[in-house]
Amino acid sequence: MSGIGVQGRCGPKGPFLCCFCSFLSAPDPGSPTPGDLPGLSMKLSAALPVCLLLALSWALEVPKPCTPPELMEGQLGTFYPRSFQGDYGAFSYDAKNERIYVNMIMNREGRQWQQVDLLLFQKEVGFQFFPGNGTCVKFPLHTPFPSPLFLKNATFFGKIHVGTTSIPNAALQLNSWSDVQEGGSFSVMTTTDRGCLPQWWATYNSEGWFSNSFYNITLGIIDPSVFTPPPQCPELL
């Protein structure tokens, strides 16, 4: 398989399991006669153990919602399909101390500017800094820390291979998830099979679709000072 292959709930063993069991357990065409019943009974007896083993094997392969690393950094891209606008930049994620740093190049209606968002959940305060003109806005932050990055109650949707499985070690396996939240918002996300690193996250709400792409992720925080508000910002306390 080359490119991006998707193996959902019915693949590869899902459809095989359904078709195989249906084929073995289905009666012969027409109404069975008393002479057909022994053969039909033997067919069902042979099919049941195989179906149960296949079902158990497939169920064991379904990933469970995972938790991403507590400390990581990387690049981030955000896209808004309705307005055909996108932002890009870098992020630092610190679940241990419940803080997030995002440094983005914003694009809106032909305008472009740099914006730094600093969210300090333990201190219940956030900062929005604009290096272009040196202004900084401080605001209260009373929302809970978004840990983990993707939803804990997400439902497994399928497996995705980026690259090709035709060449050894030439494919990156991702797991795809979906979730419906209260209020009608809907999310679809992918994480790496190893390490539970976020790769893509799309959400639909009353304002439409928007998506985040994560890439070039490294573990740990190289420079913890990114979580310190710039001197242009109001005092922390």
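1. The scale runs as follows: buried is under 20% relative accessible area, exposed is over 50%, and partly exposed lies in between, with a 1.4 Å probe and protein chains only. Tyrosine 204 sits in strand β11, residues 198-205. Helices (H or I, at least four residues) and strands (E, at least two) are DSSP runs, numbered from the N terminus.

2. A word on the source. This is a predicted model, where local features need pLDDT of at least 70 and side-chain atom pairs count only at pLDDT 80 or more, while totals for chains, interfaces and linings use all residues. Residues are numbered from 1 along each chain as its sequence is written, and side-chain values use heavy atoms, with hydrogens and water left out.

3. Now the overall build. The protein has two helices and 12 strands. From the N terminus, the order is β-α-α-β-β-β-β-β-β-β-β-β-β-β. The protein has 237 residues, and 34% of them count as buried. Its accessible surface is about 14,300 Å², with 62% belonging to carbon and sulfur atoms. Such areas come from the Shrake-Rupley method with a 1.4 Å probe; for residues, only the protein chains shown count as cover. Take the contacts with a separation of 6 or more: 44% of them join residues 24 or more positions apart. Contact means heavy atoms within 4.5 Å.

4. Back to tyrosine 204 and its surroundings. Val180, Phe186, Tyr204 and Trp209 make a nonpolar surface patch of about 390 Å². Patch residues have over 30% relative accessible area and no salt bridge; like charges are joined within 9 Å, nonpolar side chains (Val, Leu, Ile, Met, Phe, Trp, Tyr) within 5 Å. A salt bridge is a side-chain nitrogen of Lys or Arg within 4 Å of a carboxyl oxygen of Asp or Glu. Tryptophan 209 has a relative accessible area of 40%, so tryptophan 209 is partly exposed.

5. Next, tryptophan 200. Which strand holds tryptophan 200? Tryptophan 200 lies in strand β11. Tryptophan 200 is partly exposed, at 31% relative accessible area. Methionine 189 is 11 residues away along the chain, yet the two C-alpha atoms are separated by 5.4 Å. Neighbours within four places aside, the contacts of tryptophan 200 include Val188, Thr190, Ser211 and Phe214.

6. Aromatic rings deserve a look. How many aromatic pairs are there? The count comes to six. Rings of Phe, Tyr and Trp (its six-membered ring) pair if their centres lie within 6.5 Å; planes under 30 degrees apart are stacked, over 60 edge-to-face, and the rest tilted. The ring centres of phenylalanine 156 and tryptophan 177 are 5.6 Å apart and the planes stand at 70°, so this pair is edge-to-face. The pair links distant parts of the chain: phenylalanine 156 is in strand β8 (residues 155-163) and tryptophan 177 in strand β9 (residues 171-180), 21 residues apart. Both phenylalanine 156 and tryptophan 177 are buried. Tyrosine 204 and tryptophan 209 form a tilted pair, 5.4 Å centre to centre with 50° between the planes. Tyr93, Phe121 and Phe145 form one aromatic cluster.

7. Last, aspartate 87. Is aspartate 87 buried or exposed? Its relative accessible area is 4%, so aspartate 87 is buried. Aspartate 87 is found in strand β3, residues 85-94. A polar atom of its side chain lies 3.0 Å from the backbone nitrogen of asparagine 107. Beyond four places in sequence, aspartate 87 is also in contact with residues including Leu76, Tyr80, Met104 and Arg108.

Notes: A polar contact is a pair of N or O atoms within 3.5 Å; within protein, one must be able to donate a hydrogen and the other to accept it, and residues adjacent in sequence count only if both atoms are side-chain atoms.
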